[in-house]
Amino acid sequence: MRRWLTAAVLGYFLYGLFIYWYLFMTSDGALPQHLEGTPADPKTFMNGRELLLSEQYSKIKDFLFFVTAPFEWFLFLVMLITGLARKFQHWAEGTSRFFAVRTAIFWFWVSLVISAVSLPVEYISYHLSKSYHISTQTFPSWMKDQLIDFWTNYAIMVLIVGVLVFLIRKFKKRWWLAAWGLSVPFTLFLMFLQPVVLDPLYNDFYPLKNKELETKILEVAKRADIPAEHVYEVNMSEKTNSMNAYVTGIGSNSRIVLWDTTLKKLDEKEILFIMAHEMGHYVMKHIYVGIGGYLLLSLAGLYLVKQLMDWLIRQRGKRLNIESPKELAAMPLFFLLIGVLSFASSPLTNAVSRMQEKSADMYAIEMTRDKESAVRSFQELSRSGLSRVNPPELVKQFRYTHPTMAERITYMDELVILENKK
């Protein structure tokens, strides 16, 4: 056990050193020479202090992302190697004869350990964004969100863990297929509930207060054949200075949402471009394409997890303190493998997302015919979030669901040039 634990700690430490070397020693975020002085150059729309802060903040934020991404997997592995997961199972089995109760007790201890150990890491991220004036959230409000996260995730995970163990026991060879079949309606149900049940737990949503602006946005929606009655505003200024707008939900619960920070920092034309972009996602059915892609990946992922779990338990079950995948104690191994495979597939899913975002940008340009406002909105998004316009390639592949700001501003600027030549 000690040898495995030492190897896990050493591997994690070396991984952290590599990420530090890559981000702080080799990546300077410099623009290609041909973009210098163009609207994509942050020197043209950020002052010296903003340039320095964006470089510092982005590097630290990216470092925290890469270091914390495998942290939960590491905790799952420690639970398995030390036998802590088996102890939690014994405690649960000694408490009740009902499977649902045992599952709830087991996963409560797993969730409590992960949340308690992860809380300092989460606080570092919160403190960082607060120090750079990205976050405006008070500590009590932040702690409230942490508690909401814990209990909502716990409730969902107890259901998932209980169903998984039941399926593994009932369908020894095909449980992965049964689990995938059930995940389809479950995923759709969660997406249907998110705008009206989950999101309001964190923030207040209400129809856009600026009725004149709402009318103009709905006119764009009408031209796009979108049956929208309201544009929703959310009071994010209590928590952040950054900006956002998005489409969420499916079916009758679909919502187009604007952060109030976006309303404060962008002018009307820039907001109309942003909203046309979000409508582009709706018109091109990107949310359904995303659901379809997720379900296909999850099918392959569950099959791989099944094969890897069986192999690892056969080869290293004693070291991992697991006798069978049917045990509750095997669930940390399941979620460890899910986490690793999800992270490994993120460059692919991010690449697809970036393609969708570019097509939504193009759609917004067709609807608004205002490329200059598009460029200004991208510049303000970079400034308010202190984000680098040209991140290192590794960061782009694993973190960016949107094209980089350098890419977005450049292809918008090129469209302006091409149009002027016609």
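Analyst: Arg-408 forms a salt bridge with Asp-361, and the closest N and O atoms are 2.9 Å apart. A salt bridge here is a side-chain nitrogen of Lys or Arg within 4 Å of a carboxyl oxygen of Asp or Glu. Because Arg-408 lies in helix H15 (residues 405–421) and Asp-361 in helix H12, the pair ties together parts that are 47 residues apart in sequence. Helices (H or I, at least four residues) and strands (E, at least two) are DSSP runs, numbered from the N terminus. Both Arg-408 and Asp-361 are buried; buried means under 20% relative accessible area, exposed over 50%, and partly exposed in between (1.4 Å probe, protein chains only). Salt bridges with shared partners also join Glu-55, Lys-59, Asp-62, Arg-388 and Arg-399 into one network.

The model is predicted: local features need pLDDT of at least 70, side-chain atom pairs count only at pLDDT 80 or more, and totals for chains, interfaces and linings use all residues. Residues are numbered from 1 along each chain as its sequence is written, and side-chain values use heavy atoms, with hydrogens and water left out.

The count of salt bridges comes to 16. Among them is the pair of Arg-86 and Glu-327, whose closest N and O atoms are 2.5 Å apart. This pair links distant parts of the chain, with Arg-86 in helix H4 (residues 84–93) and Glu-327 in the loop between H11 and H12, 241 residues apart. Arg-86 and Glu-327 are both buried.

Another salt bridge joins Asp-145 to Lys-239, with 2.8 Å between the closest N and O atoms. Here too distant parts of the chain are linked: Asp-145 is in helix H6 (residues 139–170) and Lys-239 in the loop between E2 and strand E3 (245–248), 94 residues apart. Asp-145 is buried, as is Lys-239.

The loop between helix H11 (286–320) and helix H12 (331–368) also holds Lys-326. Lys-326 is partly exposed, because its relative accessible area is 36%. On the surface, Lys-326 gathers with Arg-169, Lys-172, Lys-173 and Arg-174 in a patch of positive charge. Such patches are made of residues with over 30% relative accessible area and no salt bridge, like charges being joined within 9 Å and nonpolar side chains (Val, Leu, Ile, Met, Phe, Trp, Tyr) within 5 Å. Lys and Arg count as positive and Asp and Glu as negative, while His and the chain ends are not counted.

Notes. Areas by Shrake-Rupley, 256 points an atom, 1.4 Å probe, with all protein chains shown as cover. Charge placed at Lys NZ, Arg CZ, Asp CG, Glu CD.
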